[in-house]
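Morning, everyone. Have the structure open on your screens, please. I'll start with one term and then walk through the chains.

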Amino acid sequence: MSDAVLEIALVAADRIVWSGQATMVIARTVEGDVGVLPGHAPLLSLLTDAVVEINTAEGVVVATVDGGFLSVAQDRVSILSERVLLAEEIALDESETALAEAEALPAGDEREQRIRQAEARIRAVEKARAATR
Amino acid sequence: MAVSLREYRARIKSTESMKKITRAMELIAASRIIKAQQRAQAAAPYARELTRAVSAVATFSNVDHPLTTEPENPRRAAILVVTSDRGLAGAYSSSVLKESERLAEKLRDEGKQVLTYIAGRKGEAYFRFRNRPVVQAWTGFSDQPSYDVAAEIGETLIAAFLAEEGGEGVDVDEVHVVYTRFVSMLTQEPTAVRLLPLEVVEGTEPPAEGELLPLYEFEPSAEAVLDGLLPQYVQSRIFFCLLQAAASELAARQKAMKSATDNADELIKKYRRIANQARQAGITQEISEIVGGVNALADATAASD
């Protein structure tokens, strides 16, 4: 199985963000991080607002998802989320202001969620930078 | 034929500028349709994957979810009517509204109370003009709907559907959507579908022979996954309806503007003919006056000789 690859489709509600072959996918589900390698058992899992990493032969693709889910079957991985952003598409300064704004909100679910989303974006940019260096 | 030549010329001019406007609108609509179709195509993979996932969960677990269970005796039904924001699209909005009236009539006959939700300014105006209550209206996106709008509409409708009877806010037992299906550039069909409770998942083809549906593991549990999936599924269905409606609106507008341009052409032709006739009449009159004058002069000189 060493030459097996995963077929990845990273799909947002209104477009396919990224698709191609990869060797490994790391995503964060509601239960914790999960890594998917070729030959993984069929899986359907909910994602949280976090970073998704796709390791391809050419390098690492980093993206953020806002919720959504992950489905794995016969080496096909689909990651679906209402909003998906690739690290290249994220404006770092905007995310930082969004984080600051979110932290100023009164405590509650909305604050938590917005902080999580903004942090995920910042982390995605940092990871992408680290990967290209 | 009392109108003077000058007035005909003015009419021709104004019709010509009107024609230019309708022609421009036709071209704009035509170019936007392509974009709308591309958007609909781009949204298809998400809907497809979501449908696959939902049918996978539905096949492998017999979990009852509040969104799929039929209320015992439905009494209140919500209708979401998807209309356009702007006019000049022929019968587009009115045929959707007619379809929604038909559905409302049917639901009332079944003894249900009908609550209306509207997308698009035209529908809002229609209901406000008739002083009919509208629970909520969303406007300002009809020719290029974004997913966020669909999500917002979806959340509202799901909340209304899940609301307990007698509780706070609106509670309904069914949700219907009336939108215009884009069949082709020439045909758009107003269609009514029931959104909630969800019926047997569409597009669940039985697996081909020898191919087994994968035995999924659900994380954290089948119920939780279904809980997360179904609202997204509903929202994606609404998004689909909005995209179809947008494409239909643009196609209807293109068609309406094309016939407006053609009509302007005919009108110009007609006015030109009348104007030419008036001009010719003027010339004939002038000639006959000159000839008459010359004759009179000739007569006068002949008499004085």
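Two strands pair if DSSP finds at least two bridges between them. Helices (H or I, at least four residues) and strands (E, at least two) are themselves DSSP runs, numbered from the N terminus.

Some ground rules. This is a predicted model, where local features need pLDDT of at least 70, side-chain atom pairs count only at pLDDT 80 or more, and totals for chains, interfaces and linings use all residues. Residues are numbered from 1 along each chain as its sequence is written, with chains lettered from A and ligands numbered from 1 in the order in which they are written.

Now the pairing between chains. Strand S5 of chain A, residues 43-46, is joined to S6(B) by 3 bridges. The two run parallel. Leu44(A) stands opposite Phe218(B) there.

Next, the wider contact. Two residues are in contact if their C-beta atoms, placed from the backbone, lie within 7 Å. How many residues does each chain give? Chain B gives 25 and chain A gives 23. On the chain B side, helix H1 (5-60), helix H4 (147-162), strand S6 (217-219) and H5 each give two or more. H1(B) has the largest share, 10 residues. By class, that side has 19 nonpolar, 2 polar and 4 charged residues. Here Ala, Val, Leu, Ile, Met, Phe, Trp, Tyr, Cys and Pro count as nonpolar, Asp, Glu, Lys and Arg as charged, and the others, Gly among them, as polar.

On to chain A by itself. It has 10 strands and 2 helices. Starting at the N terminus, the elements run β-β-β-β-β-β-β-β-β-β-α-α. Its C-alpha trace spans about 50 × 30 × 25 Å along the principal axes. Buried residues, those with 20 or more other C-beta atoms within 10 Å of their own, make up 36% of its 133 residues.

Last, the core. A nonpolar core is a set of buried Ala, Val, Leu, Ile, Met, Phe, Trp, Tyr and Cys residues joined through C-beta atoms within 7 Å. The largest one has 103 residues. Among those with the most contacts inside it are Ala63(A), Ala78(B) and Leu80(B). Which helix gives the most to this core? H5 of chain B, residues 222-304, with 19 residues.

Zoom in on Leu80(B). Leaving out residues up to four places away in sequence, Leu80(B) touches Tyr117(B), Ala119(B), Ile153(B), Leu157(B), Val175(B) and Val177(B). Leu157(B) is also listed with the most contacts inside the core.

Key. Buried ≥ 20, exposed ≤ 12 C-beta atoms within 10 Å, placed from the backbone.
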